[in-house]
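Please look over the sequence and the 3D structure shown here. A short briefing comes after them, grouped by topic.

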Amino acid sequence: MSRRHPRYRRPLLATLAAFAVLGSTAAAAPAATHPAAPAAATASSLQVLDDTYYQNALGKSGAQLKSALHTIISSQTKVSYSQVWTALKDTDQDPANSSNVIELYTGRSLSKNANGGSVGNWNREHVWAKSHGDFGTATGPGTDLHHLRPEDVTVNSIRGNKDFDNGGSAVSGAPGNYTDSDSFEPRDAVKGDVARMLLYMAVRYEGGDSFPDLEPNDKVNNGSAPNMGRLSVLKTWSQQDPPDAFEKRRNDVIYNQYQHNRNPFIDHPEWVASIW
């Protein structure tokens, strides 16, 4: 039986916490921290996006908002699975060491050149497990940078294709992460990141472009179904761990340099509750 542990608590940051001015890819704080930038910069940056990129989504809610966002973010440049290696070296660069990347679950800083499939390397973690919908590494959901992150090979294997939920036993080599037979709980500092990546996938891939219709649900053990859970937990994680500077910079780099689309739940985290 899984060991359940108390949920963490931290003060909720302002919903519209700082993000880099649109077009900037300057270094940001590590994923484990949640620094705030000046409020004026935040307001002006968000206003630029709302006046341009998100203008057709403003004022909508529920299914209408989801549909509008799907149309917006479906306009993207696709990358190949081999190109993901290069992209992750940019998107997940350690702001304190430009030669390294930050691993999602462990939080460790590791050389960009230590990528591969051997023990001690980092590889390409599909946060929306590619078997959930059986999309593999095909260009599209299988290579979408908004849910691909660097992760230690061994820890990636431990996570496997499990759904996300609270509880379990401590993951060896990844303090703060827990797992049991049917779920994985990431460390506190990236719980919101995980939730927003999964919800992006659910909006981006609606089944109309030869790929499966990906949807979150409130279950675990989803197997090969195009679903990921547990939705109620993901919503809580998104509230408890708002977007930080690392996550926002990552969104900007993907938008400006690679896919030219954004994760709307990083820019507007309040849209999570509006849709689900």
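This is a predicted model: local features need pLDDT of at least 70, side-chain atom pairs count only at pLDDT 80 or more; totals for chains, interfaces and linings use all residues.

Residues are numbered from 1 along each chain as its sequence is written, and side-chain values use heavy atoms, with hydrogens and water left out. Helices (H or I, at least four residues) and strands (E, at least two) are DSSP runs, numbered from the N terminus.

**Helix 7**

- Helix 7 covers residues 245-258, and its 14 residues reach 19 Å from the first C-alpha to the last.
- That is close to the 20 Å expected at 1.5 Å a residue, where the expected span is 1.5 Å times one less than the number of residues.
- Twelve of the 14 residues of helix 7 are buried; buried means under 20% relative accessible area, exposed over 50%, and partly exposed in between (1.4 Å probe, protein chains only).
- After helix 7 comes H260, which has a positive phi, near 60°.

**Salt bridges**

- The whole structure has 15 salt bridges, each a side-chain nitrogen of Lys or Arg within 4 Å of a carboxyl oxygen of Asp or Glu.
- R250 and D92 form a salt bridge of 2.8 Å, N to O.
- R250 is in helix 7 and D92 is in the loop between helix 3 and strand 1, 158 residues apart.
- R250 and D92 are both buried.
- E247 forms a salt bridge with R196, with the closest N and O atoms 2.9 Å apart.
- Because E247 lies in helix 7 and R196 in helix 5, this pair ties together parts that are 51 residues apart in sequence.
- E247 is buried, at a relative accessible area of 3%, and R196 is buried too, at 0%.
- Salt bridges with shared partners join D92, R149, D193 and R250 into one network.

**Nonpolar cores**

- The largest nonpolar core has 43 residues, and L69, F164, V194 and W276 have the most contacts inside it.
- A nonpolar core is a set of buried Ala, Val, Leu, Ile, Met, Phe, Trp, Tyr and Cys residues joined through side-chain atoms within 4.5 Å.
- Helix 5 gives the largest share of this core, nine residues.
- A second, separate core has 13 residues, including V84, V101, V253 and Y258.

**Aromatic rings**

- The structure holds nine aromatic pairs; rings of Phe, Tyr and Trp (its six-membered ring) pair if their centres lie within 6.5 Å, and planes under 30 degrees apart count as stacked, over 60 as edge-to-face and the rest as tilted.
- Y53 and Y54 are an edge-to-face pair, 4.9 Å centre to centre with 80° between the planes.
- The ring centres of Y54 and W271 are 5.3 Å apart and their planes are at 85°, so this pair is edge-to-face.
- Y53, Y54, Y255 and W271 form one aromatic cluster.
- The charged end of R262 sits over the ring of Y255, 5.0 Å from its centre; this requires NZ of Lys or CZ of Arg within 6 Å of the ring centre and within 35 degrees of the ring normal.
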